[in-house]
Amino acid sequence: MKTTALAVLSLLALPALLAAQGRVEPRWESIDRRPTPSWFEDAKLGIFIHWGVYAVPSFAPRTEVSTYARYAEWYWKRLLTPDMEGHPQFEAFHDRVYGPDAKYQDFAARFKAELYDPAQWADLFARAGARYVVLTSKHHDGFCLWPSAESWNWNAMDVGPHRDVAGDLVKAVRAKGLKMGFYYSLYEWFNPLYLEDVGRYVDTHMLPQMKDLVTRYEPDVVWTDGEWDHPSSTWKAEELLAWLFNDSKVGQTVAVNDRWGKETRAKHGGYYTTEYGLVHDKDASAEVIPHPWEECRGIGHSFGYNRAETVADYASPQKLVALLVDTVSRGGNLLLDIGPAADGRIPVIMEERLLQLGEFLGTSGEAIYGTRRWRTTSEGESVRYTAKGDAVYAIVLGWPGRNLTLKAPKAGGATKVSLLGTTAPVRFTKSAAGLRIEMPEAAPVGSAAYAFKLTGVK
Ligand code: GLC
């Protein structure tokens, strides 16, 4: 009798015991309590990289299709799925350029990455002002950018580049002092094992493959995707996350997202993800999300490189700065995507846009890195607020004219105002309308944004 009571008591005490040891239990209630590491919330800007076999055809329709059908990384799926949006355009392109008998798998040998220079990539990301990088280790086509034993002869070591594309980038990115993470697709469109027996796929393919990725490269971010066909229980996501947090080498530092099963978006896991402002099909582009979150999108309309896109499809530098500032003011991070070409070059327009973003952060990074949401996130079209310590930052998008008035900050006797990037004194007056600021002569007219640092305001 006594032993059973003891057994029950210790079972009841187990959660508290595990929590006391900082261990996470393999169930959402415990996993969701784990805070997202603060390095992630301080970082604000990451670079997403969609690279793989789909960079060979690097095509998607530009017009007459919705957001998701413009993703070039979905080439194989939309080519082979007649009832999917965009199928006719993908098929017409494929048959015209490669011939109806050409197979997607044949592209792997043409994915040579002959100009791939991870050090040049990492240098660019650092100059863009990014603090972390997330590379597609394996996308929905199942092709791995590292020598994964589970993807024999369908990985970058065995076919195409014949090198550990992922491992080489990890080294280069970390040498630049940036954090390095991986995107990983849970499902694989045409993997016969996945299509026949998802349980065996998870146990014998997906879980060992993910654990290999984590153990080999010790990523700072695990960014899963391709979760929507099954609930998290089928993917064994809670067990995997408990292993990641309790037993892997990155348990204390790794940041994870919310794509772990068809029921988990914006509910379970780590930080929440929006994509082109969407959560699935719901528009979240203006929401203030009371939880760590991250917006991801391409500079154009695709994650994978789309050679069919023109400059009209690429966001202007002003648009990108406004996107970053708006996202950060609402408490989010921006994971801005690039799609390198199959030969390993980063398309010059993407390179230029990253450098232009870096220019803004070079001047006004103090108003971005390490900040958190302020009580007021925006004022009108062009003013966004962030806060850090006793400072509030008012970031004005575009040239405001010779002077501007801020309504939200309540000024007092100790109020100080300065413009980041200049040492010129900033004249201001307090009025019933708010804080009236005169743009210093030294302020360059053409900047994408102007960040004012306000102290002594409420
Ligand atoms: C979607 C797309 C996928 C892309 C991902 C990035 O899930 O299916 O292609 O990689 O979003 O957010």
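**Exercises on a predicted model**

With a relative accessibility of 4%, A113 counts as buried. The structure is a predicted model, and the exercises below start from this residue.

**Exercise 1. The largest pocket**

Task: Describe the largest pocket by its volume and its lining.

Solution. 
- Step 1. The volume of the largest pocket is about 420 Å³.
- Step 2. Its lining is made up of 24 residues, and those closest to the centre are Y68, Y71, W74, W228 and E275.
- Step 3. Two elements, α4 (75-80) and β4 (221-225), each give at least two residues to this lining.
- Step 4. Sorted by class, the lining has ten nonpolar, nine charged and five polar residues.

**Exercise 2. The second largest pocket**

Task: Find which element supplies the largest share of the lining of the second largest pocket.

Solution. 
- Step 1. The second largest pocket holds about 340 Å³ of space. It is lined by 18 residues, of which E359, F360, T363, S447 and A448 are the closest to its centre.
- Step 2. The elements that each supply at least two lining residues are α12 (317-329), α13 (348-364) and β18 (449-457).
- Step 3. The largest share comes from α13, with five residues.
- Step 4. By class, this lining has nine nonpolar residues, eight polar residues and one charged residue.

**Exercise 3. Aromatic pairs**

Task: Classify the ring pairs F48 with W223 and W374 with Y385 by the angle of their planes.

Solution. 
- Step 1. A pair of aromatic rings is described by the distance of the centres and the angle of the planes. There are 39 aromatic pairs in the structure.
- Step 2. For F48 and W223, the ring centres are 4.9 Å apart and the planes stand at 50°. Planes under 30 degrees apart would count as stacked and over 60 as edge-to-face, so this pair is tilted.
- Step 3. F48 is in strand β1 (residues 45-49) and W223 in strand β4, 175 residues apart, and the pair links these distant parts of the chain. F48 is buried at 1% relative accessibility, and W223 is buried with a relative accessible area of 1%.
- Step 4. For W374 and Y385, the centres are 5.0 Å apart and the planes are at 55°, so this pair is tilted.
- Step 5. W374 sits in the loop between α13 and β11 (378-379), while Y385 sits in strand β12 (residues 383-388); the pair therefore ties together parts eleven residues apart in sequence. W374 is buried at 12%, and Y385 is buried at 0%.

**Exercise 4. A charge over a ring**

Task: Name the residue that lies over the face of Y369.

Solution. 
- Step 1. The residue is R131, at 3.5 Å from the ring centre of Y369.

Note on methods:
Residues are numbered from 1 along each chain as its sequence is written. This is a predicted model: local features need pLDDT of at least 70, side-chain atom pairs count only at pLDDT 80 or more; totals for chains, interfaces and linings use all residues. Side-chain values use heavy atoms; hydrogens and water are left out. On a 1 Å grid over the protein atoms alone, a cavity is a set of points where a 1.4 Å probe fits but cannot get out, and a pocket is an open set with protein on both sides within 12 Å along at least five of seven lines; lining residues have an atom within 4 Å of a point. Grid points are joined across faces, edges and corners, and a volume is the space filled by probe spheres set on the points. Helices (H or I, at least four residues) and strands (E, at least two) are DSSP runs, numbered from the N terminus. Ala, Val, Leu, Ile, Met, Phe, Trp, Tyr, Cys and Pro count as nonpolar, Asp, Glu, Lys and Arg as charged, and the others, Gly among them, as polar. Rings of Phe, Tyr and Trp (its six-membered ring) pair if their centres lie within 6.5 Å; planes under 30 degrees apart count as stacked, over 60 as edge-to-face and the rest as tilted. Buried means under 20% relative accessible area, exposed over 50%, partly exposed in between (1.4 Å probe, protein chains only). A charge sits over a ring if NZ of Lys or CZ of Arg is within 6 Å of the ring centre and within 35 degrees of the ring normal.
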